[in-house]
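User: Can you walk me through this model? I'd like to start with the aromatic rings, then go on to sheets and charges.

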Amino acid sequence: MSGATHRSSRRAEPGAGPPPAAVGTTRRTLLRGLAGAAGAGLTGAALSGCSSPKDVARASTSDPWRQFAGTTLNFISENTAPTAAIAANLAPFTELTGIRVNIVTLELTALVQKVALDLASGQSQYQIIYADPYQVLAPYSKGLVDLRELAADSSVPHLTGGFGDFIPTQLEAAGKFEDRDKVFALPYDCPTMIWHYRKDLFDKHHDAMSNDLGFDPTPSADTTWDQYAAIAKWFNDKTDDIPYGTGHQAKQHDSLMCDFSNVLWSYGGDYFDNGKAVGSLGTTDPGRCRLGSDEAAEAAAFYDRLLASADPASRTWDWDGVGAAFRAGRIAMCPNWHEFAASNEATMPGKVGYARLPKGPARSASHYGGTGIGISANTLPNERRAAWLFTVWATAPRTQLANLKSKAGGGTPTRTSVYELPEVRKAEKRPSAMPNMLTANAVDEAWKPANIGLRPKIPMWNECDTAIYTQLSRMLLGDAKPAEAMRDTADRIDRIVARGWVS
């Protein structure tokens with residue numbers, strides 16, 4: 001649940017990074033060149049004159065988990081909740097395997113740059129990689145191991161539950177690129193945007209809101225975005241219990257693209273034709289951008305109106321900012337990544353409700369921002385097998401259950417079997433020892449194929465993302481009309497995509 005990440009993206013991508021005007025061309029040019037070097041098979045010796053690396057030692061033992069004892073591996077990850085939980089409790093893995101794992105956590109932009117450099121070097125400083133689908137997997141899939149090969153290797157432990165135990169939409173979105181038969185990453189986190197709302201205030205004012213608005217304000221599968229906006233305005237105008245009805249992650253940042261995309265998809269708009277296929281399996285050639293459509297213009301116009309009545313500070317907030325504002329009692333509701341539930345429950349136990357996002361004229365859409373972990377293709381045979389041990393352990397049902405319970409971080413499972421455990425089902429209701437599970441009903445609805453929102457999984461997405469949130473920011477500042485902002489974004493994306501991608 002990058003954002004998260006981000007997802008995706010997180011929940012997707014924390015940190016504002018460089019100024020928007022500088023991000024696209026400079027970083028893309030650098031990383032594309034590095035990807036080309038990786039594809040051409042440049043070695044560390046060719047780049048630096050260093051001698052060839054040696055493979056790790058493999059012991060003769062009857063225990064397949066102990067055959068690489070004494071090895072040290074490096075895992076590079078975005079600074080996410082699951083990685084925080086694993087970093088706080090690595091002892092079980094070290095005791096099981098004798099392998100030491102160094103975990104390097106960075107904000108996503110820095111991670112992408114380091115991964116690109118490492119893949120281009122022909123060596124593997126980082127054997128295990130947090131493979132963001134949009135900024136690592138899509139542009140650099142040729143630098144990652146097809147994990148099916150290791151899953152079929154009888155000399156190493158098998159993948160508990162097999163690939164079929166992962167939630168299918170997440171395995172494809174976070175683990176595959178273009179080729180349906182190859183798996184480059186195992187789903188590791190699954191942040192998904194849902195509706196967070198102050199249930200105590202909705203309950204307190206239910207009858208008054210119903211009478212004034214003419215509909216039941218309780219969030220449900222039938223609630224529309226227009227009704228959401230009306231509820232927000234009611235809180236603005238009718239009660240002093242809370243300053244604003246809604247808040248949003250509308251900073252000029254990846255978070256703005258994430259927040260807007262929910263509305264875009266719900267209005268029937270999309271970034272490209274065949275948006276679900278482009279978002280799940282991905283492609284290097286998505287065709288022309290469709291943000292110039294009437295549906296996209298209508299979605300942008302609604303989003304502009306919604307933000308006009310939201311907390312004005314929304315334009316300064318990413319997902320962390322809106323989450324903090326919600327916990328501080330500044331806003332009555334917001335769309336945000338579901339993994340913020342743990343923080344909500346720590347601050348406002350029992351006061352928060354969670355629901356699937358409202359529907360638009362076409363559907364409800366909840367932005368999925370999950371990411372997988374993969375293994376560098378630069379690893380040598382034994383080193384690769386050692387990395388497989390960690391990848392299997394880190395995504396195992398037992399580890400995901402421990403992450404759910406972790407006080408240091410933790411995410412929500414990507415494994416179907418974990419959700420079926422009696423203690424996990426029990427945690428879906430208060431009092432809950434696993435507060436993120438209070439969102440289970442909402443995310444279960446959000447992950448259905450009809451409702452999941454998938455941003456385009458294309459190698460050049462990072463530059464497209466920058467174009468989207470830059471134009472949306474112009475619109476929110478009043479410097480561009482909604483339809484104009486969408487057309488300008490579409491033109492910019494078409495130019496980016498037309499340059500193509502070679503890795």
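Analyst: Some ground first. Rings of Phe, Tyr and Trp, the last by its six-membered ring, count as a pair if their centres lie within 6.5 Å. Planes under 30 degrees apart are stacked, those over 60 are edge-to-face, and the rest are tilted. Keep in mind that this is a predicted model.

User: Fine. How many aromatic pairs does that rule give?

Analyst: The count is 19 aromatic pairs. Take Trp319 and Trp337: the ring centres are 6.2 Å apart and the planes stand at 75°, so this pair is edge-to-face.

User: Where do Trp319 and Trp337 sit in the fold?

Analyst: Trp319 is in helix α15, residues 319–327, and Trp337 is in strand β8, residues 331–337. The pair therefore ties together parts 18 residues apart in sequence.

User: Are Trp319 and Trp337 buried or exposed?

Analyst: Both Trp319 and Trp337 are buried.

User: Which residues make up the aromatic cluster?

Analyst: One cluster is formed by Trp195, Tyr197, Phe202, Trp225, Tyr228, Trp234, Phe235, Tyr267 and Phe302.

User: And what lies over the face of Phe166?

Analyst: Arg415 does, at 4.1 Å from the ring centre.

User: Sheets now. What is the strand order in the five-strand open sheet?

Analyst: The order is β3-β2-β4-β11-β5, with mixed pairing. β3 (100–106) and β5 (186–189) are at the edges with a single partner strand each, so one side of each has no neighbour in the sheet. From one strand to the next, the twist averages 30°.

User: How does β5 run against β11?

Analyst: Antiparallel, with three bridges joining β5 to β11, residues 371–375. Asp189 has Thr371 in β11 as its bridge partner.

User: Which helices lie across those strands?

Analyst: Helix α5 (residues 108–121) lies across β2 (72–78), β3 and β4 (128–131), and runs at about 140° to β2. Helix α6 (residues 133–140) lies across β4 and β11, at about 115° to β4.

User: What about the four-strand sheet, which order there?

Analyst: That open sheet runs β7-β8-β6-β9, again with mixed pairing. Its edges are β7 (244–246) and β9, each with a single partner strand, so one side of each is left without a neighbour in the sheet. Here the twist averages 25° from one strand to the next.

User: How many bridges does β6 make with β8, and how many with β9?

Analyst: β6 and β8 pair in the antiparallel sense over five bridges. Tyr197 stands opposite Met333 in β8. On β9, four bridges join strand β6 (residues 193–198), also antiparallel. Trp195 has Ala355 in β9 as its bridge partner. Both Trp195 and Tyr197 belong to the aromatic cluster.

User: Which way do the β9 side chains point?

Analyst: Val352 and Tyr354 point one way from β9 (residues 352–355), Gly353 and Ala355 the other, and all are buried. Side chains alternate between the two faces of the sheet in a regular strand.

User: What does α15 lie across?

Analyst: α15 lies across β6, β8 and β9, running at about 145° to β8.

User: Quick one on Pro358. Where is it, and what does it touch?

Analyst: Pro358 lies in the loop between β9 and β10 (366–367). Pro358 counts as buried because its relative accessibility is 1%. Beyond residues up to four places away in sequence, Pro358 touches Trp195, Thr223, Thr224, Trp225, Tyr228, Ser364 and Ala365. Pro358 and Trp225 are 133 residues apart in sequence but 5.2 Å apart in space, C-alpha to C-alpha.

User: Charges, then. How many salt bridges?

Analyst: The structure holds 19. One of them joins Asp241 to Lys204, with the closest N and O atoms 2.9 Å apart. Asp241 is in the loop between α11 (225–238) and β7, while Lys204 is in helix α9 (residues 199–204), 37 residues apart. Asp241 is partly exposed at 35% relative accessibility, and Lys204 is exposed at 55%.

User: What about Arg455 and Asp254?

Analyst: They form a salt bridge, the closest N and O atoms being 3.9 Å apart. Arg455 lies in the loop between β12 (452–453) and α22 (461–476), and Asp254 in helix α12 (residues 254–266), so the pair ties together parts 201 residues apart in sequence. Arg455 is buried at 0% relative accessibility, and Asp254 is buried at 4%.

Note on methods
Residues numbered from 1 in each chain as written. Predicted model: local features only at pLDDT ≥ 70, side-chain atom pairs only at ≥ 80, totals over all residues. Heavy atoms only, no water. Helix = DSSP H or I, 4+ residues; strand = E, 2+ residues; numbered from the N terminus. Buried < 20%, exposed > 50% of the residue type's maximum accessible area, 1.4 Å probe, protein only. Lys NZ or Arg CZ within 6 Å of the ring centre and 35° of its normal. Pairing = 2+ DSSP bridges. Axes fitted to C-alpha atoms, helices over the stretch in contact; angles between N-to-C directions. Contact = heavy atoms within 4.5 Å. Salt bridge = Lys/Arg side-chain N within 4 Å of Asp/Glu carboxyl O.
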